[in-house]
Amino acid sequence: MSHEPRIGVYVCHCGVNIAGVVDVKRVAAEMASEAGVVLSREYKFMCSTPGQEMIIDDIQSHGLNRVVVAACSPRMHEGTFQGACRKAGVNAYFFQMANIREHDSWVTLDKEEATRKAIALTRAAVRRVRNHEPLETRQVEVRKEVLVIGGGIAGIEAALTVAESGNHVYLVEREPTIGGHMARFDKTFPTLDCSACILTPKMNAVGSHPNITLMTSCEVEEVKGFVGNFDVKVKRKARYVDHDKCTGCGACVEKCPVKVPSEFDEGLSKRKAIYTPFPQAVPNKPVIDRAACTYFRTGKCRLCERFCEPKAIAFEQQESTQEIQVGAIIVATGFEFYRGEALSWYGHGRYPNVITALEFERLNNASGPTEGVLRMADGRVPQSVAILHCIGSRDKNYQEYCSRVCCMYSLKFAHLVKEKTGAEVFEFYIDMRSPGKGYEEFHDRIREEGAHLIRGKVGEVTDLAVNPEEQGRLIVVAEDTLAGSRLRVPVDMVVLSPGLSAHRDSKVAQLLKCAVDKNGFFIEKHPKLAPVDTATDGVFLAGCCQGPKDIPDTVAQSQAAAAKALALATRGVVEAEGRTACIDPEVCAGCKLCVSLCPYKAISFDTAKEISVVNEVLCKGCGTCAAACPSGAAQARHFKDVHIFNEIEGVLAL
Amino acid sequence: MAEFMRCTSPMLEVAQALLEAGGEELKTCYQCGTCTSVCPWGNLIEFSPRRFIETARLGLEGFEEATWTCVQCRMCQDRCPQQIDIPQIFRAVRGVLSEGGSTPPALRVPLAGLRGEGNPWVEPREKKTAWATKNDVPALAPEHEVVLFACCANEYEARNQRDGVAVAGLMKAAGVSFGYLGKEGTCCGDLIATTGAESLFSLLRKTNLNALGGVSARTTVTISPHCLNAFRNRYPAVLGMTFRHVTELWDELLREGVLKPSRGGAARVTYHDPCYLGRHNGVYEAPRNVLKAIPGIELVEMAHHHERSICCGGGGGGAWMERPKGERLGDLRVMEAVSTGADTLVTACPYCVQMLEASVLGLNLEGKIKVRTVSELLSDSIAQGGVE
């Protein structure tokens, strides 16, 4: 094969996206005089079938062996043009793309500037491609097992979907039970289904599914490998109860003398030191809270042990680690409710009858602390309730984004208050957002039921009365922006509807090398066209870890993530990267620096030859070794010095 | 036909003028009304900053009346979910209206005084330093380390002179190497800037920059939070100087043990946060620390304090504008203070002193509560205070 470069350059108009700003004819003309360029053309849409066929025809009729396309981002169409090259018999790595859309025409106003920039970027690609080498990709087998991280409705749905296909799922949940937030809600909007009634069958299905290994009280600790071949270490926290022996009879819980606030009930009720979080927990077997347990604190008690017939209490149990191998990972780590400073403007923590959404859910729940009776701190039933939207949301001081679900769940609260107490409801909103199937109709229904919906964000909740009617009550101060009046509304109870936040304490993104946005939510590969993929191949997103969403959207996304994981498993193989590192055995001094730095453990040391060796199956071509190698022996294929320097010269040449 | 067609059209030329005058940020307002609900005026009169913004945005009739009400207390800005500098929008609109000749009559005196004599009361400029001479306040000299910058009120107004004298006395007692910037300086211009009088403010600023540019001291201490705010936030940082409020200096000198308060005050006091010390410049604890350090003083908080403090009504030119009884923010504040059971209402701003004292008189509460400054109370408690 002749290695004398014969380069074809193609400048794409992308309709007016590029050609509207960049003088594409001039770019093409400039490239024609570059060494090695055989032909240089511009065309309306290079990614179209005629555009691709033009490349194929030119390769065949002009004997091209290198191709440069100046168009959009390689993330968009690199694969498309590499495919065309391959079809015409040119190695895909003899293709180079210059991004003159995202990096140029979309962000440059001045046409002359934009054209000069396009010429510089395209020239860099042309000069770089001259020294490219043909690289081969390899096929690697994909493991069929899937790991799902997080056992809320997102993880449950994803796990069941994968399991139903016959593939095996490991479902890892850090709490002692699956169910997540949904298990704590009372009703779900807009249909008002009982949340537990529709969730618990799914929880049970997970618990008993032959294809699901349920790992509660567990956390992912380490993830190694790559798409199709992940090695995952899972830490199992000590539960101090042997779940293989435990029958879930509950005698231990009954006898335990310690009472601490229940996390599940937002501290509104007590649980024991040995406990199952709620009656329908899966697995429905208790764990011991070490911090609360009298035995662990003082060395005495062991009442639970005495009453446990199957002898399942295991005070000696230790934290352990389990290793699992999977081909794909679905992240379903969910969200937490906003609990920040904004709450304090509304008296949360200062006035006992100012409660949060989650506290309201528990107070309303038949299995909650009041058995579903909405009561105030003194036990009375409220005669009037204010519901405050957007707590910490749409607020640049706290969370700038809209959490999407708060308007709807607040409307649901209005209904529940009316239904249970007949109280007057004053609902304060900024903009009512009800875009979803049946959502606007639900909004309409709440208005019909007589809730007072007031357009205005509340400034403060105070107990400073200015007239006898306000005495002893909570006064909600807001402007009714439609009436143009500043209102003081005395009520008995205030419900705060906070937005959704990303988990602040989660290390999962870091372990998976996934990026999170400024708010802490996982970033999907493409906001429209790859909403469940991530930049890490083989890692998919489901539910609120990617951004706030309601239950229907979460379930849909979970099924989508499962489908993506299954597509991978069904295909059975992945193309391994051709752009791997290589170590020149003649130059390597055997310092082993690269061995310790390689994040994929792809470099080993050949003790006989005293040099480092790259395992190309494991290498991801990240270039760490090449950057660190003191002798220059380690090089990243496709990113060798000659490529980088040619590229820089291309940009700088005027 | 015309009367059946009553409708309003946007006056985009007006709106554009407001944007260009510095009202840019109003574009992002989403009309939630938080500003109106937290505005202290809401307790007394109908006043909606939200509506003001909406009408100004479209140039609709109606925003003019509301323009001069705002006291620039910054409560709305701190709570605005869009972080809009709402006080700045009022200033921009005021500037545009003033250019069109619609300055409220009440502002004519201070405007004329500041333009002609460098103080808002049209007092002759020569009298600026009389208070200092009378009370042996040292004039600034090259060897001094600290510039004392007094408020016009300390210089020309009898009540606030007492505060100025207390400050100078404390500095002497603490052995601070300081000198008073006299006739070379002029009014800081902070308050007049909030009325939209940009060109007048620039003149005052120029004079002060010239005066301070020539001194060797690297720290300037102000008695008024307004002077502090002007220097910190409205003047360019070219002076390379540190600006501090007196209460910050007292707090430091007390912590270092340089000032040792001994004589007890045996008073129950409450502290009123001046908007320009608290919300505008974040100084909340220094004045409280000073009060707590004085033996015998019991500090109690009002219903609204720190970030939630209510304005005295003097900001934004309010100090120069008469308000009918029942529409005075100062009255609200004094009543809050009285309801704490305090016998002294302490503050740290000459304009707050004026407004609050006027309210005490107006409400016939002279026997019940006194208005003092942090410096005055501290001075009382220092043996060599050198007061009066």
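I began with the disulfides, pairs of cysteine sulfur atoms within 2.5 Å, and the structure holds one over all chains. A:Cys194 and A:Cys197 form that bond, with sulfur atoms 2.4 Å apart. I looked up the torsion about their S-S bond: it is about 80°, so the disulfide is right-handed.

A note on ground rules: this is a predicted model, where local features need pLDDT of at least 70 and side-chain atom pairs count only at pLDDT 80 or more, while totals for chains, interfaces and linings use all residues. Residues are numbered from 1 along each chain as its sequence is written, chains are lettered from A in the order in which they are written, and side-chain values use heavy atoms, leaving out hydrogens and water.

Next I checked accessibility (buried is under 20% relative accessible area, exposed over 50%, partly exposed in between, with a 1.4 Å probe and protein chains only). A:Cys194 is partly exposed at 27%. A:Cys12 is in no disulfide, and the nearest cysteine sulfur, in A:Cys14, is 5.3 Å away; A:Cys12 is buried at 4%.

Then I turned to where the chains meet. Contact (heavy atoms within 4.5 Å) takes 22 residues from chain A and 24 residues from chain B.

Which residues form a salt bridge here? I found B:Arg50 with A:Glu479, the closest N and O atoms being 2.9 Å apart. The rule asks for a side-chain nitrogen of Lys or Arg within 4 Å of a carboxyl oxygen of Asp or Glu, and it finds one such bridge across the interface of chain A and chain B.
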